[in-house]
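Here is a short tour of a structure, written to be read with the model open beside it. Take a look, and then follow along section by section.

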Amino acid sequence: MKSIVVAIKDFSIRINDRRAFMMMILMPIVLTIILGSALKGVMGDSSSAPKTIIALYQQDQHPLSKQFVQGVLENTQLKNSIVVKNVYSQKELNQFIHEKKADVGVVLPKNWGTQLANGKTEPVTIKVSDGKDFEANFVQQLTESYVKTTNAVTASAKMVLSDLASQGKSGKELKSIGAGLTNNLGKEAEANASFVYDKPVGKNQVSSLQYYAAAMAAMFLLFNAMVGGKSILSERANLTLSRMMISPTDRVSIMTGKFLGTFLYTMVQFLIFLGATHYIIQVNWGSNPGQIIMIAIAYSISVSGLSMIVAAFMKTEKTADSLGGMLVQVLSLLGGSMIPISVFPETLQKISKITPNSWALNSFTNIMSGTSWNSLIIPLCILIGIGIIATIIGSLRFRMISN
Amino acid sequence: MLSISNIKKSFGHHQVVNDVTFEVQKGEAFGLLGPNGAGKSTTISMICGLIPYDEGDIQVDGLSVQKKPMKIREKIGVVPQDIALYPTMSALDNLVFWGKMYGITGRRAKQRAFEVLEIVGLTDRAKDKIETFSGGMKRRINIGAALMHNPELLIMDEPTVGIDPQSRNHILETVKRLNEEGMTIIYTSHYMEEVEYLCKRIGIIDHGKLIAIGDKTELCNRLAGGHVLELIVDNPNVDLLVNLENIEGVENTNGKEDGTIEIMLSDKKNILPEIISLCGTHDISIQTIQIKEPNLESLFLQLTGRTLRD
């Protein structure tokens, strides 16, 4: 009961800080509009790729190389985004890049297709024009995706053929089956390449506005870990925490109250943001509000738990402000709130899995694209787990300091 | 009401409270005097159960602080040395919150908050935020928060530090009235006159030890001679102080930067001519001479060799 008293007190202090509250609500909405508009076209809007001019030096004429060029780079779904200009020497490609006639140069080396057919990978050279790293990254991902899918297709085809051979099929039959199989699976490889960028799990593409609404929610809610932590540090510095501790209230109730205060504020902030983005800038948060609320609850638990860590491991409000602020920004960057995770190198993408905001953001975008409850079980468990573990660590450390 | 027996507390190798024993009766106002770092606040923190003691025992109404902390906390109200309030909340909301922390719920909390505002004389500022208050008003609400649950024992840790005389008088009057109505008070302060005004019994604590305890008259009678001669001189020097202490009948001296020299006399024989002559020898001219009645300040000086505010 007293934990509720503490929680309501904390909530009322924060909600009455009009300036801070407006910042926590207005800023994410403004940033959603700016980033969503600026990066329109990067995600599942009118096209799924940034506008890119590719200078292509195709040294290899193997069918797989041709398929990559025609089926992926010149794919009709990417025609609004990618323009391919053929060049016929390395020197000409360098000149295109140097003179900025192309954003990205791609060299398909000799025997690239042959090697690919044998399940091996010959590296594709990608040249980048100044300031076009984003586009280069995109082309690199298209290429890697094609290579991976083709390798998988080739390996599968070989396995099927070897199985058929063991059943006594003739060489002619096997050749015919193999050609058909490779052709069909190859089409799959082309198809996959078109949504290598920010592939949604559901049926619907997620627009940049939707993505950044989710991203800003994940980032700005994460700031509550710092605000909640600072609130405990402030109580410690102003001796109100000591005063609470000499009242007939046990420490668990006090800390639960602090946790609930942050949780309550985070939830209210999210609900206001959800309503504002939905009604003011028409962000579609998906067709299942229950899923969104469940992820918001789990993420708020996570954030509230992290506030305990901030309070337990930082000594002053000033440290929490500077270090905590920095930490939130790093986590936001890693979690995809600033730049979509899909453009990160693979290692960073793996690292991003440890950030709660990354799980929240991915879950929000997945719900927007229309996901199932089953696919949300893992993110829900992870977010709640982070919250519980952080609370336990924070409380133990806090008890140690208090003693 | 309160019984402290041989309590000890160390932080690392530093013994902060060393074998302190005293009792406070129900309805009594007890003063705890001592300079900064003497161990007063640590003793208070141990009474409240905020800091555990290493040895000994503290009992409130027969209950051990370490065994029944929650029961005891319901009986105690603590006014901390610093303002422990929420500056962005109103005076009323602060009081209601602290009332709820002591188990007062619903309308009763608000009703009691208004009663307390009346006691501390700030009813007209009920809805104003604490951050808009003067230092004295904040101190009064700080006291009010400790009164919300109408405690049997009110512990006040230097409640008048840094406030204007008007607020100080108001606080002293309020505490006096609460004590007269039956509330047991433990009052710690640097200000001797506050303790003398409020408390019948006084304990003097220094370097973690209780060096004297008793009522004011008893304590002053302990002074050898008891009189203090205060000189205000031009350019005092260390040699003069040393030579003054060599005069028969001078117990102790204390020189201050402003030229004041306090001389503790061990007997009442007239040694004034000798002192004046010594000042002349040191080529020091005397501006004023005053003989003070024995008081707690002089007792403290005699017992510790320093003043309370050193």
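## A covered helix in chain B

Helix α1 (residues 40-48) of chain B is mostly covered, with eight of its nine residues buried. Buried here means that 20 or more other C-beta atoms lie within 10 Å of a residue's own, exposed means 12 or fewer, and partly exposed is in between, with C-beta atoms placed from the backbone. Helices (H or I, at least four residues) and strands (E, at least two) are DSSP runs, numbered from the N terminus. The buried set of α1(B) includes B:Lys40 as well as B:Ile44, B:Met46 and B:Ile47. Just after α1(B) comes B:Gly49, with a positive phi of about 85°.

A word on conventions: this is a predicted model, in which local features need pLDDT of at least 70, side-chain atom pairs count only at pLDDT 80 or more, and totals for chains, interfaces and linings use all residues. Residues are numbered from 1 along each chain as its sequence is written, while chains are lettered from A and ligands numbered from 1 in the order in which they are written.

## The nonpolar cores

A nonpolar core is a set of buried Ala, Val, Leu, Ile, Met, Phe, Trp, Tyr and Cys residues joined through C-beta atoms within 7 Å. The largest one has 149 residues, and those with the most contacts inside it are A:Ala217, B:Leu95, B:Ile155 and B:Ile185. Helix α8 (residues 208-237) of chain A gives the largest share of this core, 19 residues. Apart from it lies another core of 25 residues, including A:Tyr57 and A:Leu108.

## Two helices of chain A

The axes of α8(A) and helix α14 (residues 356-369) of chain A come within 9 Å and cross at roughly 150°; axes are lines fitted to C-alpha atoms, for helices over the stretch in contact, and angles run from 0 to 180 degrees between N-to-C directions. α8(A) is therefore roughly antiparallel to α14(A), a term for angles over 145 degrees. Among the residues making the contact are A:Ala217 of α8(A) and A:Phe364 of α14(A); two residues are in contact if their C-beta atoms, placed from the backbone, lie within 7 Å.

## Where the chains meet

In chain B, 19 residues are in contact with 17 residues of chain A. Both α2 (69-75) and α3 (91-101) of chain B supply at least two residues each to the side that touches chain A.

Notes: Angles under 35 degrees count as roughly parallel, over 145 as roughly antiparallel, 65 to 115 as roughly perpendicular and the rest as oblique.
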